[in-house]
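Open the model in your viewer and keep the sequence panel beside it. This tour tells you what to select at each stop and what is there.

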Amino acid sequence: MPDDPTRVLTDRLDLRPPLETDLDGLFAVTSDPRLWQHFPTLRHTSPDQTVTRIREWGTSWREAGLGTWAVRERGDERIVGNGGCTLVRDTFWNLGYRLAVDVQGKGYATELSREAIRRANDLAPDVPVVAYLLEHNTASARVAERVGLTLVHRAPDSGNPDPGAVRLVFADRPLDEVQLEATLR
């Protein structure tokens with residue numbers, strides 16, 4: 001795997017496109033209720049949901065040349081999260097990450113996000129990078145700001161089971177109406 005151009009070694013992380021053989025580690029992350037406090041209805045309750053997500057990420061890798069990585073600490077095979085940029089509707093790169101509780105607070109989200117944004121800009125510099133999140137997820141908002149994204153939209157989160165939820169959209173540039181609408185679907 002060292003010759004795999006999709007694998008990235010940052011200072012502290014080993015980022016690899018997820019495979020179905022990574023299911024156990026990824027399901028441990030995607031099913032942990034502590035990681036879904038900001039949007040509990042998205043938590044995976046079945047490994048089948050994680051398999052579907054792995055396949056979606058694989059589609060992004062095949063079609064766009066970039067997607068979500070399975071995240072490991074360098075020198076360790078344990079999956080501690082997932083994250084990266086996935087091309088959505090050929091309109092924007094969706095920056096996202098989810099890290100195990102025991103590795104949060106180490107700056108890993110910022111480290112992998114910087115690498116994902118760099119690669120997205122190399123592949124398609126005209127496509128904006130976007131992070132959309134719920135307003136009460138202040139840790140994710142801080143990461144978005146740390147990696148150079150700015151708040152471009154704030155409004156009620158249409159379709160969210162929580163009627164008081166507010167959606168924030170951060171981007172690396174102003175979004176036109178089509179791009180903004182795509183982030184809100």
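**Stop 1: Thr86**

Select Thr86. Its relative accessibility is 15%, so Thr86 counts as buried; buried means under 20% relative accessible area, exposed over 50%, and partly exposed in between, with a 1.4 Å probe and protein chains only. Thr86 sits in strand E4. Strands (E, at least two residues) and helices (H or I, at least four) are DSSP runs, numbered from the N terminus.

Before going on, note what you are looking at: this is a predicted model, in which local features need pLDDT of at least 70, side-chain atom pairs count only at pLDDT 80 or more, and totals for chains, interfaces and linings use all residues. Residues are numbered from 1 along each chain as its sequence is written, and side-chain values use heavy atoms, with hydrogens and water left out.

Now show what surrounds Thr86. Neighbours within four places in sequence aside, Thr86 is in contact with Trp57, Ser60, Gly67, Thr68, Phe92, Trp93 and Asn94. Contact means heavy atoms within 4.5 Å.

**Stop 2: helix H2**

Select residues 47-64. This is helix H2, with 18 residues. From first C-alpha to last, H2 reaches 25 Å, close to the 26 Å expected at 1.5 Å a residue. The expected span is 1.5 Å times one less than the number of residues.

Which residues of H2 are buried? Colour Thr50, Val51, Ile54, Trp57, Gly58, Ser60, Trp61 and Ala64: these are the buried ones. An α-helix has 3.6 residues a turn, so residues three or four places apart point the same way.

What do the buried residues of H2 pack against? Show helix H1 (23-30), strand E3 (68-73), strand E4 (79-88), strand E5 (92-99) and helix H3 (108-123); the buried residues of H2 pack against these elements. Then step just past the end of H2. Gly65 takes a positive phi there, of about 80 degrees.

**Stop 3: Ala116**

Select Ala116, in helix H3. Is Ala116 buried or exposed? Ala116 is buried, at a relative accessible area of 0%. Display its contacts. Beyond the neighbours within four places in sequence, Ala116 touches Leu66, Trp69, Gly84, Cys85 and Leu95. Pick Gly84 and draw a distance to Ala116. Their C-alpha atoms are separated by 5.1 Å, although the two residues are 32 apart along the chain.

**Stop 4: the loop between E4 and E5**

Select Arg89, which is found in the loop between E4 and E5. Arg89 has a phi near 50 degrees, a positive value in a residue other than glycine. Its relative accessible area is 42%, so Arg89 is partly exposed.

Move to Asp90, also placed in the loop between E4 and E5. Phi of Asp90 is near 55 degrees, again positive in a residue other than glycine. Asp90 counts as exposed, at 67% relative accessibility.

**Stop 5**

Select Val101, in the loop between E5 and H3. At 32% relative accessibility, Val101 is partly exposed. Draw a line to Tyr132. The C-alpha atoms are 21 Å apart, and the residues are 31 apart along the chain.

Next, select Thr21, in the loop between strand E2 (13-16) and H1. Thr21 is exposed, with a relative accessible area of 71%. Ala171 is 150 residues from Thr21 in sequence and 33 Å away in space, C-alpha to C-alpha.

**Stop 6: the whole chain**

Zoom out and switch to cartoon. The chain has 5 helices and 8 strands. From the N terminus, the elements run β-β-α-α-β-β-β-α-β-α-β-β-α. Along the principal axes, the C-alpha atoms fill a box of roughly 40 × 35 × 30 Å.

How does the radius of gyration fit a compact globule? For 185 residues, a compact globule would have a value near 16 Å, and the chain has 16 Å, which agrees. The radius is taken over C-alpha atoms, and the globule rule is 2.2 Å times the number of residues to the power 0.38.

Colour by burial to finish. Of the 185 residues, 50% count as buried. Of the contacts with a separation of 6 or more, 58% come from residues 24 or more positions apart.
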